[in-house]
Amino acid sequence: MNEAYLNKIINEDALKSLSMLDENSIDLILTDPPYFLDKMDDRWDEKKVASTKYHHVVKSLPAGMKFDKEQGKNFYKWYFKISKQILRVLKPGGFFFSFSSPRLYHRMVSAIDDAGFLIRDCFIWLYTQNQPKAMSLNHFIEKLNEDKEIKNALKNQLNGWKTPQIKSCYEPIVMAQKETEGTFLNNFRKYNVGLLNTNVKIGQDMFPSNVVSTDKINEVIDKCFLISKPDKKEKGDFNLHRTVKPLSLCEYIINLTTYSNEAVVLDPFAGSGTTLVAAKKLGRKFIGIDANKEYIETAKRRIKSFEVDSSIYNAVSEERQLRILEKKASYKRLNKDKIKVA
Ligand SMILES: C[S@@+](CC[C@H](N)C(=O)[O-])C[C@H]1O[C@@H](n2cnc3c(N)ncnc32)[C@H](O)[C@@H]1O
């Protein structure tokens, strides 16, 4: 049944689309769900976001950035249902990688854990550049019913003290796994999933790790964790999506977890299609889902531009001194079911 969706993007709600896919059919799910950060639910409509009742506190602040206990709980309930479906469609031993935010990670992972996954690890995407969200209190001090002298004294006293939002410089990514059927070896021989390809290297030919950086930081960090920096060319100058992930990061995870070109990579919140472009680039099959038609058009355009001229993406990689290296696999496939360790 999946045949109809292979190398396509479904324009539909994720929960609905996931229920249409075959069970035990997907090798890897790599996704970046809506974090409920700029709204309070899974309906991704920016016009509605602007009119939520949470929006009144500070007009310029997205609704989800105002601390509300319900946000995490709603996210948990929704992601639990999504994770149940993801568990169903993944092959035994298949991996589920899901991006999150430091603030909602615990809710996301609990939902995935409670849905039946084994939580294997937490990856960290480390970066140095981000807009600090903390606010000065001067605006609120100005509104106090106090005389100017007191207001000025308060401003001086709280100089540099801001609301509790530190500059965020990492994104956690959970690595969850569907339970294997029997041993890792037997499961791999049957389904071609469940192990990690440590021939994939990051930094300067280093063993793959759960910390990855897309910024050059310093010699030691670059040596161990650097993967290539996202480039405007890989994003596409037509791409207006606000949360485009680095292609190299998706490539890293796909290389690490999928064995052959028969592997199917699914992204149920595909956005502008970074996971799909990475899968395409690595010769894997893909299925994308997104509720937003415009983003799907962008994703299709990116995939198309890769088909027309893959050098756009490869040229970007070649410019980079440090990048993901995939050494020649040390095992060879003998036939469909038997794998010989060379
Ligand atoms: C954080 S973005 C993904 C960005 C993507 N990783 C990229 O690099 O472009 C999340 C996506 O989920 C989609 N989305 C939100 N709610 C959805 C739902 N219920 N079903 C399917 N897609 C949804 C949004 O349209 C958005 O493009």
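Mentor: Asn159 is found in the loop between helix H6 (148–157) and strand E5 (170–177), where helices (H or I, at least four residues) and strands (E, at least two) are DSSP runs numbered from the N terminus. What you see is a predicted model, in which local features need pLDDT of at least 70 and side-chain atom pairs count only at pLDDT 80 or more, while totals for chains, interfaces and linings use all residues. Residues are numbered from 1 along each chain as its sequence is written.

Asn159 is exposed, because 10 other C-beta atoms lie within 10 Å; a residue is called buried if 20 or more other C-beta atoms lie within 10 Å of its own, exposed if 12 or fewer, and partly exposed in between, with the C-beta atoms placed from the backbone. Asn159 and Leu137, which are 22 residues apart in sequence, have C-alpha atoms 8.8 Å apart in space.

Strand E5, at the other end of that loop, holds Val174, and this residue counts as buried because it has 21 C-beta neighbours inside 10 Å. Leaving out residues up to four places away in sequence, Val174 touches Phe97, Ser98, Ser100, Met108, Val109, Ile112, Ile119 and Cys122, where two residues are in contact if their C-beta atoms, placed from the backbone, lie within 7 Å.

Thr198 touches Phe207 and Pro208, not counting residues up to four places away in sequence, and its C-alpha atom is 6.9 Å from that of Leu256, although the two are 58 residues apart in sequence.

The loop between E6 and strand E7 (211–213) holds Asp205, which is exposed because 10 other C-beta atoms lie within 10 Å. Asp205 has a phi near 60°, a positive value in a residue other than glycine. Most residues other than glycine have a negative phi. Another such case is Asn24, whose phi is positive at about 50° although it is not a glycine; it is found in the loop between helix H1 (14–18) and strand E2 (26–31).

Lys223, in helix H8 (residues 219–225), is partly exposed, with 14 other C-beta atoms within 10 Å. With residues up to four places away in sequence left out, Lys223 touches Gly203, Gln204 and Met206, and the C-alpha atoms of Lys223 and Gly203 are 4.6 Å apart across 20 residues of sequence.

Helix H12 (residues 293–308) can be followed from end to end: at 1.5 Å a residue, its 16 residues should span 22 Å, and its end C-alpha atoms are 22 Å apart, which agrees; the expected span is 1.5 Å times one less than the number of residues. Its buried residues are Tyr295, Ile296, Thr298, Ala299, Arg302, Ile303 and Phe306. Seen down the axis of H12, these fall within an arc of 160°, so they line one face of the helix, the arc being that of the directions from the helix axis to the C-beta atoms. The face turned away from that buried side carries the exposed residues Lys293, Glu294, Lys304, Glu307 and Val308.

To set these parts in the whole, the protein has 13 helices and twelve strands, and 36% of its 342 residues count as buried. Its largest nonpolar core has 64 residues, and Phe96 and Val265 have the most contacts inside it; such a core is a set of buried Ala, Val, Leu, Ile, Met, Phe, Trp, Tyr and Cys residues joined through C-beta atoms within 7 Å. Helix H10 (residues 247–257) gives the largest share of this core, seven residues. Among the contacts of Val265, not counting residues up to four places away in sequence, are Leu28, Ile254 and Phe286.
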